[in-house]
Amino acid sequence: MSNPTSDFFFDAYNRDEIAYGLTPSASLAAFLDQFSRDGLDGGARALDLGAGAGRDTLAMARAGFHVTSVDISERGLQRIAERAKEFGVGDRVSTKVSDVRQFQMPANHYDVVIGTTVLDHVPAEDAKAVWSSMVGSLGDRGVLFVEVHTTEDPGSPVAPGCDNDAPVSETADAVVNYFSPNQLASWAIEPESKLRILNYEERLEWDYTHGAEHMHGKAILLAVRSGYHPKWYGQPAAFPRQPPPHSHDNNSSRV
Ligand SMILES: C[S@@+](CC[C@H](N)C(=O)[O-])C[C@H]1O[C@@H](n2cnc3c(N)ncnc32)[C@H](O)[C@@H]1O
């Protein structure tokens, strides 16, 4: 299959060893792990923007969501469809070739909206409009998961990333909008976003999911609609109740 010049990620998704692998980012996996313990409504809907070759889409579909995967890479979406079929979740995944800036996101519609490193692939002047559509498309119990590359990334044209000697990603040229410190968090706490932050982190991490080893600077956000206090988050899932003290002694005395 030949590489259309318009698809920057064609080679990465066309390889036998498909870029980004099958494991979602650790932060998304942690969310899915907690969320799935709470059971899932059979009709739960998720939107994966900039879905790539589908590591997040597939994890969501395998967790029971009906997922719409949007990307400008037709090859990436083909890989998603192939893998979804292979894993027996083809009926829960629909793919849509579209620029996220043009994709119409229905208001108040999705249970989960994901954007794993896509807001940084659109120019800064468009990213905020895409963000507004994303948060607007969340339902009352909606969950938002967003990752972006930050100016800490060694591929960043500005400090501190540009002063970092760590290796840069093979796909760094596709990142046109490195987020500044706190930028993603500040969007999330704007009143019009109507979100409550459950988890926010800015960090450096090594990436072994494609090409030669390289480092990334990331901001990672997990948020819910304000007013929503999901029982799957934190206590008791992350901090399970301990057995009462001396329960072992009590049990043994009953034997
Ligand atoms: C770094 S990859 C991440 C893929 C996937 N989210 C993951 O984490 O495995 C960025 C993806 O965003 C897509 N992308 C970039 N600009 C886009 C746009 N304007 N509209 C839709 N997708 C876009 C690329 O084709 C690519 O698949």
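Start your selection at glycine 88: this residue follows helix 4 and has a positive phi, near 75°. Helices here are DSSP runs of H or I with at least four residues, strands are runs of E with at least two, and both are numbered from the N terminus. Before going on, note that this is a predicted model, in which local features need pLDDT of at least 70 and side-chain atom pairs count only at pLDDT 80 or more, while totals for chains, interfaces and linings use all residues. Residues are numbered from 1 along each chain as its sequence is written, and side-chain values use heavy atoms, with hydrogens and water left out.

**Stop 1: helix 4**

Now select residues 74–86, the 13 residues of helix 4. From first C-alpha to last, helix 4 reaches 18 Å, close to the 18 Å expected at 1.5 Å a residue; the expected span is 1.5 Å times one less than the number of residues.

Which residues of helix 4 are buried? Colour Arg75, Gly76, Leu77, Arg79, Ile80, Arg83 and Ala84. Buried means under 20% relative accessible area, exposed means over 50%, and partly exposed is in between, using a 1.4 Å probe and protein chains only. To see what covers these buried residues, show helix 1 (10–14), helix 3 (55–62), strand 2 (66–71) and strand 3 (93–97), which are included in that cover.

**Stop 2: arginine 79**

Stay in helix 4 and pick arginine 79. Arginine 79 has a relative accessible area of 11%, so it counts as buried. Leaving aside neighbours within four places in sequence, arginine 79 is in contact (heavy atoms within 4.5 Å) with Tyr13, Asn14, Arg15, Ile18 and Ala53.

A polar atom of the arginine 79 side chain lies 3.4 Å from the backbone oxygen of asparagine 14. That is a polar contact, meaning a pair of N or O atoms within 3.5 Å; within protein, one must be able to donate a hydrogen and the other to accept it, and residues adjacent in sequence count only if both atoms are side-chain atoms.

**Stop 3: helix 3**

Move to helix 3, which is mostly covered, with seven of its eight residues buried. Those to highlight are Arg55, Asp56, Thr57, Leu58, Ala59, Met60 and Ala61. Just past the end of helix 3, glycine 64 takes a positive phi of about 115°.

**Stop 4: the ligand**

How many residues surround the ligand? There are 18, and the closest are Tyr13, Gly50, Arg55, Asp71 and Val100; a residue is near if one of its heavy atoms lies within 4 Å.

- A ligand oxygen is 2.6 Å from an N or O atom in the side chain of tyrosine 13.
- A ligand nitrogen is 2.6 Å from a polar backbone atom of glycine 50.
- A ligand nitrogen is 2.9 Å from a polar backbone atom of valine 100.

Taken alone, the ligand exposes 600 Å², and the protein buries 96% of that. Accessible areas come from the Shrake-Rupley method with a 1.4 Å probe, and for residues only the protein chains shown count as cover.

**Stop 5: helix 5**

Next, select residues 124–136, which form helix 5. Its 13 residues should span 18 Å at 1.5 Å a residue, and the end C-alpha atoms are 19 Å apart, which agrees. Colour Ala127, Val130, Trp131, Met134 and Val135, which are buried. Look down the axis of helix 5: these buried residues fall within an arc of 130°, so they line one face of the helix. The arc is taken from the directions from the helix axis to the C-beta atoms. Their cover includes strand 1 (45–49), strand 4 (110–116), strand 5 (138–149), helix 6 (183–188), strand 6 (195–207) and strand 7 (214–225).

**Stop 6: histidine 214**

In strand 7, pick histidine 214. Is this residue buried or exposed? At 0% relative accessibility, histidine 214 counts as buried. Its side chain makes a polar contact of 3.3 Å with the side chain of histidine 216. Not counting residues up to four places away in sequence, histidine 214 touches Pro167, Val168, Ser169, Glu205, Trp206 and Asp207.

**Last stop: backbone details**

Finish in the loop between strand 5 and helix 6, where you will find proline 160. A cis peptide bond joins alanine 159 to proline 160, with omega about 5°. Asparagine 182 lies in the loop between strand 5 and helix 6 too, and its phi is positive, near 70°.
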